Amino acid sequence: MSQEGLIIRKIEAETALPLRQQVLWPNKTLEKCRVEEDAQGEHYGVYLQGLLVCVASVFIQQDSARLRKFATLETYQRQGIGQFVLHRILDDLKASGVRVFWCDARESACSLYQRFGMTKSGERFYKGDIPYRRMSVLIE
């Protein structure tokens, strides 16, 4: 998919919640899809023809930013939308002086993050039955 027609906007956490739930935790309540820090986060939404197709939340502490709750509707996965929003997030973080970008990545998504220079650290760990790896990159 080309980036034509894709629009990235900063959104409220409340706007991100239904998509988070649908993609990441369809068996949980909307309330269980919140994170404590949502009110302090920066939330990104990617729209295609008015439809919210991808959300990502970033939480900044000092010079470090954590990506959390990154979700794309299944129909739109593997079409470059994740890369599109990650480029924007990294550009925004660089402009704000953040030095480290990191996330707990589902192992199934590690190759996406590696395209942005992110490397794995530590051992595999699990959240429920889903394997994860900690990944990070220095922003220059």
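Let's start at Trp 25, which sits in the loop between helix 1 (13–24) and strand 2 (42–48); helices (H or I, at least four residues) and strands (E, at least two) are DSSP runs, numbered from the N terminus. This is a predicted model, where local features need pLDDT of at least 70 and side-chain atom pairs count only at pLDDT 80 or more, while totals for chains, interfaces and linings use all residues. Residues are numbered from 1 along each chain as its sequence is written, and side-chain values use heavy atoms, with hydrogens and water left out.

**Trp 25**
- With a relative accessible area of 18%, Trp 25 is buried (buried is under 20% relative accessible area, exposed over 50%, partly exposed in between, with a 1.4 Å probe and protein chains only).
- Setting aside neighbours within four places in sequence, Trp 25 is in contact with Arg 20, Cys 33, Lys 69 and Arg 106; contact means heavy atoms within 4.5 Å.

**Ser 57**
- Over in strand 3 (residues 51–61) you'll find Ser 57.
- Ser 57 counts as buried because its relative accessibility is 1%.
- The Ser 57 side chain has a polar contact with the side chain of His 43, at 2.7 Å, and another with the side chain of Arg 20, at 3.0 Å. A polar contact is a pair of N or O atoms within 3.5 Å; within protein, one must be able to donate a hydrogen and the other to accept it, and residues adjacent in sequence count only if both atoms are side-chain atoms.
- Leaving out residues up to four places away in sequence, Ser 57 touches Arg 20, Glu 42, His 43, Arg 66, Leu 67, Arg 68 and Lys 69.

**The overall fold**
- Three helices and seven strands make up the element count of the protein, and from the N terminus they run β-α-β-β-β-α-β-α-β-β.
- The radius of gyration is 14 Å, close to the 14 Å from the globule rule for 140 residues, so the protein is as compact as a globular protein of that length. That radius is taken over C-alpha atoms, and the rule is 2.2 Å times the number of residues to the power 0.38.
- Along the principal axes, the C-alpha atoms fill a box of roughly 35 × 35 × 30 Å.
- Of the contacts with a separation of 6 or more, 58% are between residues 24 or more positions apart.

**Burial and charge**
- Buried residues account for 44% of the 140 in the protein.
- There are 20 positive and 17 negative side chains, and the centres of the two sets lie 4 Å apart. Lys and Arg count as positive and Asp and Glu as negative, without His or the chain ends; each charge is placed at NZ of Lys, CZ of Arg, CG of Asp or CD of Glu.
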